[in-house]
Amino acid sequence: MLKKSKGGIYKFSIFIIGALLFASACKKDPKVTPIVDPAPPTTGTREELTKDSIFLYAKQTYYWNDALPTYDVFKPRSFTDFEAELKQIKTYKINPTTGKAIDKYSFLDDGGLSAELGGVAGDYGFSANFNNGDRNDLRIRYVNPNSPAESQKVKRGQQIIKINGNTSINGNNVDFLNAAIFGNNPSIAMTLKNLDGTTIDVTVNRGTYSINPVLYSNVYTVGAKKVGYIVFNSFTTNAATKLDEVFGTFSAAGISEVIVDLRYNGGGSVSTAETLTNLIAPVVQNGNVMYTTYWTKTMQDGLATILKNQKFYAEGRDGVRRLYSYFDYDYKPTEDAGNVTRFAKRGAANINKAYFIVTGSTASASELVINNLKPVMDVKLIGSKTYGKPVGFFAITIDQLDMYIPQFETKNSKNEGGYFDGMAVDKTDFDDVSKDFGDPTERLLANALSYADHGAFLAVKPGADRLSSLTPMAKDDLDARLTAVGAAGADQLLGLV
């Protein structure tokens with residue numbers, strides 16, 4: 001997909017996880033003062049030069065680059081591998097609130113993430129999790145439409161009682177479960193127990209398919225009002241048409257409130273986040289500021305000269321394709337630089353209240369939509385605290401790697417952001433994986449419908465919420481694994497350990 005910049009350049013939209021597209025204005029012969037730092041070696045092995053590049057790109061584009069030491073102090077070539085080096089880079093900036101490293105986001109990828117964000121997956125097509133913290137009750141939590149799992153009749157809510165002949169399906173066998181479900185094996189054999197108690201044996205082969213991020217949608221009649229409900233699972237770049245279809249149905253039904261289920265949505269394309277925001281936002285907000293992007297200061301000052309090495313072909317104002325680099329854009333947080341995004345109402349739905357169903361897997365672009373809407377309409381959050389990712393990034397290609405390190409932060413029209421520890425919810429309740437999407441008795445959906453009906457959430461269900469039994473060690477381990485793949489991969493991890 002191409003997007004025309006104010007400077008007349010057509011550029012490829014950047015697929016990022018909870019991040020923004022590049023600033024859209026072109027620089028005009030900036031006067032650049034190189035960053036003063038001892039020059040690194042110009043020769044070395046392929047591995048050594050890659051290690052140098054990881055550090056040098058971070059030194060100029062990392063959002064917290066002011067905390068990084070010099071090349072001579074850091075010694076990138078001293079690390080055993082690329083992952084160890086990036087892990088060290090993430091340790092320098094400390095969150096004063098928690099006393100821990102603020103960066104739980106940076107990661108390295110082999111290029112597969114870009115394809116997934118583009119709407120193409122190459123997996124089994126399902127995810128699983130322990131139901132409400134019960135480490136003896138592993139359930140299918142969602143199945144992607146048109147996926148290999150769907151073709152084998154795998155459905156949300158089914159209990160997994162055997163995998164590849166192994167019946168030890170519990171919290172003591174997490175490494176095996178993660179490898180079997182989320183690893184790279186060509187197939188997985190499972191015995192599943194249906195909600196009616198019957199069992200089925202299935203073998204799901206890994207396959208490539210087009211992602212449909214809308215897992216479910218419906219319109220509920222609540223008293224005298226109509227309430228739309230959509231389960232939106234990923235901000236893929238092919239999602240706009242699907243969203244338009246769903247909200248067109250909502251508009252035709254005359255909904256006045258909407259429930260957006262983002263419980264497993266780890267983010268994706270920001271252009272898609274803007275689409276969803278504008279489908280929900282009141283029309284009176286047209287032209288008002290939605291959010292502002294604040295890039296790394298080094299990039300704002302035009303000093304990130306290393307970005308000259310990240311090149312791409314794009315079409316100019318005169319229709320001629322030319323070679324550009326990521327250095328050719330203005331990263332200042334201004335209107336002229338293209339880093340101020342404004343509301344532009346999409347569709348005809350007249351919505352006055354939005355409920356968001358969220359969990360610790362809700363991140364990035366999901367949180368951006370919520371933060372965008374909070375200042376302009378009545379917003380309620382139901383579930384559990386979100387992951388917390390107000391920063392974003394684009395892929396930096398280094399040899400055969402794509403490196404994702406935060407380069408900017410976003411803030412809404414009230415200059416609110418900084419939710420590094422996650423967004424708090426208005427109503428805490430658990431994700432009942434034993435019930436299908438759309439079941440009005442499922443706890444998270446039921447809370448939203450209850451509030452829509454009479455302005456109050458459900459009472460706490462006695463003994464039902466076991467999430468409070470999570471130990472700090474389990475939470476830390478979950479955060480570490482989320483960090484390892486980035487927020488977009490949050491839906492590919494077992495949520496409890």
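Three strands form an open sheet in the order β3-β22-β21, with antiparallel pairing (two strands pair if DSSP finds at least two bridges between them). This is a predicted model, in which local features need pLDDT of at least 70, side-chain atom pairs count only at pLDDT 80 or more, and totals for chains, interfaces and linings use all residues. Residues are numbered from 1 along each chain as its sequence is written, and side-chain values use heavy atoms, with hydrogens and water left out.

**The chain**

- The chain has twelve helices and 24 strands; helices (H or I, at least four residues) and strands (E, at least two) are DSSP runs, numbered from the N terminus.
- Of the 497 residues in the chain, 56% are buried, where buried means under 20% relative accessible area, exposed over 50%, and partly exposed in between (1.4 Å probe, protein chains only).
- Among contacts (heavy atoms within 4.5 Å) with a separation of 6 or more, 70% come from residues 24 or more positions apart.

- β3 (107-109) and β21 (396-398) are the edge strands, each pairing on one side only.
- From one strand to the next, the twist averages 30°.
- β3 and β22 (residues 401-404) run antiparallel and are joined by three bridges; M403 in β22 is the bridge partner of L108.
- Helix α1 (residues 46-61) packs on the sheet, where it touches β21 and β22, and its direction makes about 160° with that of β21.
- Helix α3 (residues 82-89) also packs on the sheet, touching β3 and β22, at about 150° to the direction of β3.
- For these angles, axes are lines fitted to C-alpha atoms, for helices over the stretch in contact, and angles run from 0 to 180 degrees between N-to-C directions.

**Helix α7**

- Helix α7 (residues 240-253) has 14 residues, which at 1.5 Å a residue should span 20 Å; its end C-alpha atoms are 20 Å apart, which agrees. The expected span is 1.5 Å times one less than the number of residues.
- L243, V246, F247 and F250 are the buried residues of α7. Seen down the axis of α7, they fall within an arc of 90°, so they line one face of the helix; the arc is that of the directions from the helix axis to the C-beta atoms.
- An α-helix has 3.6 residues a turn, so residues three or four places apart point the same way.
- These buried residues of α7 pack against β11 (214-222), β12 (225-232), β13 (257-261) and α8 (270-280).
- Exposed residues T241 and A252 sit on the face of α7 turned away from its buried side.
- G254 follows α7 and has a positive phi, near 80°.
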